[in-house]
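Dear colleague,

Here is the structure I said I would pass on. My notes on what turned up in it follow below.

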Amino acid sequence: MVITKTPFRMSFFGGGTDMKEFYEEYGGSILSTTFDKYCYVTVRHLPEFFKYTSEFVYSNTERVTDVDQIQHPLIRNCMKFQNMHHIRLAYDADLPARTGLGTSSSFAVGMLNAFHALNGEMIDKKRLADEAIYAERVLCHEAGGIQDQIAASFGGLNRIDMDKDGYHVSPLVISRERKLELNNSLMLFFTGFSHMSAVVQEKVKENFQNKVRRLQRMKDMVNEAQKILINQGNIGEFGRLLHESWQLKRSLSRGISTNDIDSMYETARKAGAKGGKLLGSGGGGFLLFFVEKDKQPFVKKALEKLLYVPFSFETDGTRIIYYKEEDSEKV
């Protein structure tokens, strides 16, 4: 039996520049972090005592006698990709899916990590990220970028640069005090709305060439944000930059924001938030705000109808938290 623990991510700057259509021509950059909310994937071989050969428990329960019968596209394609059979798999998570935290990619990374471990293989983080990207973008034909799989696999506060030759992950080297200052200045709220990331991403790709200049500006913000954090200047500038980035992002497609989300955002700004953004591709999920410590009680009160989610940055990425070798003769 194997249990993997894989973090969710929040992307600060550069979202959208990790789409293949953009970064292969212009180069892309992302500034993001993983944080202490996780998905857990438990996998073991299923003993041959049942009428079905595999069982999968997530928001639904599936029992099948053939891999092609699996309804969940990511599970089905990963099972075929890794040639897995006679499996019992269970998924559990600290936060809901389809909420802009890269939950699908965290699941892909955690599942592939578990599959390899069940087969007696320990693979590196880059290979895990590459396989998860391949599973979601090629095998499942889902629209979107590549930042989520990389973040979930590597973990930590990173700058991710990508071009036609591949990607490179650079941990952001800042003091522990500076990182804590950033963490303590961020507030996370659940809007109550979920979304389908691939649908929003498809809308962003419409009239793509008309959006290139805005995406290039969003890419430039990664450099600016990195300088703010490294140079130990006024960290409030990070919040101001978040606000500018959100205004650009929401202009990419009408599907990214809604009237309700705009209202929540403005309410937080009036209560003292310097800036913020809707995490993920848009349409719903979690709102992240940069709020100075003395203003946080006012923002929390102004958004009291929303669920506030405290969090801390994490650095581990996906990892195996339980492993017990199976006796093949009993499987």
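Helix H5 (residues 147-154) is mostly covered, with seven of its eight residues buried. This is a predicted model. The buried residues of H5 are Gln147, Asp148, Gln149, Ile150, Ala151, Ala152 and Ser153. They pack against strands S1 (2-13), S2 (28-45), S6 (158-163) and S7 (166-171), and against helices H3 and H4 (125-139). After H5 comes glycine 155, with a positive phi near 75°.

On the cores: the largest nonpolar core has 86 residues, of which Phe12, Phe13, Leu89 and Phe238 touch the most other members. Helix H3 (residues 103-118) gives the most to this core, nine residues. A second, separate core has 10 residues, including Ala129, Ile150, Tyr167 and Val169. Leaving aside neighbours within four places in sequence, the contacts of phenylalanine 13 include Ile30, Met221, Phe238 and Leu242.

On charges: the whole structure has 18 salt bridges. Two of them lie in helix H4. Lysine 126 pairs with aspartate 130, the closest N and O atoms being 2.9 Å apart, and arginine 127 pairs with glutamate 131 at 3.0 Å, N to O. Glutamate 131 is buried, at 9% relative accessible area, while arginine 127 is partly exposed, at 39%.

Aspartate 161 forms a salt bridge with arginine 159, closest N and O atoms 3.0 Å apart. Here arginine 159 is buried, at 14%, and aspartate 161 is partly exposed, at 24%. Finally, Arg217, Glu224, Glu237, Arg240 and Glu244 are linked in a salt-bridge network.

Regards

Key:
Residues are numbered from 1 along each chain as its sequence is written. This is a predicted model: local features need pLDDT of at least 70, side-chain atom pairs count only at pLDDT 80 or more; totals for chains, interfaces and linings use all residues. Side-chain values use heavy atoms; hydrogens and water are left out. A nonpolar core is a set of buried Ala, Val, Leu, Ile, Met, Phe, Trp, Tyr and Cys residues joined through side-chain atoms within 4.5 Å. Buried means under 20% relative accessible area, exposed over 50%, partly exposed in between (1.4 Å probe, protein chains only). Helices (H or I, at least four residues) and strands (E, at least two) are DSSP runs, numbered from the N terminus. Contact means heavy atoms within 4.5 Å. A salt bridge is a side-chain nitrogen of Lys or Arg within 4 Å of a carboxyl oxygen of Asp or Glu.
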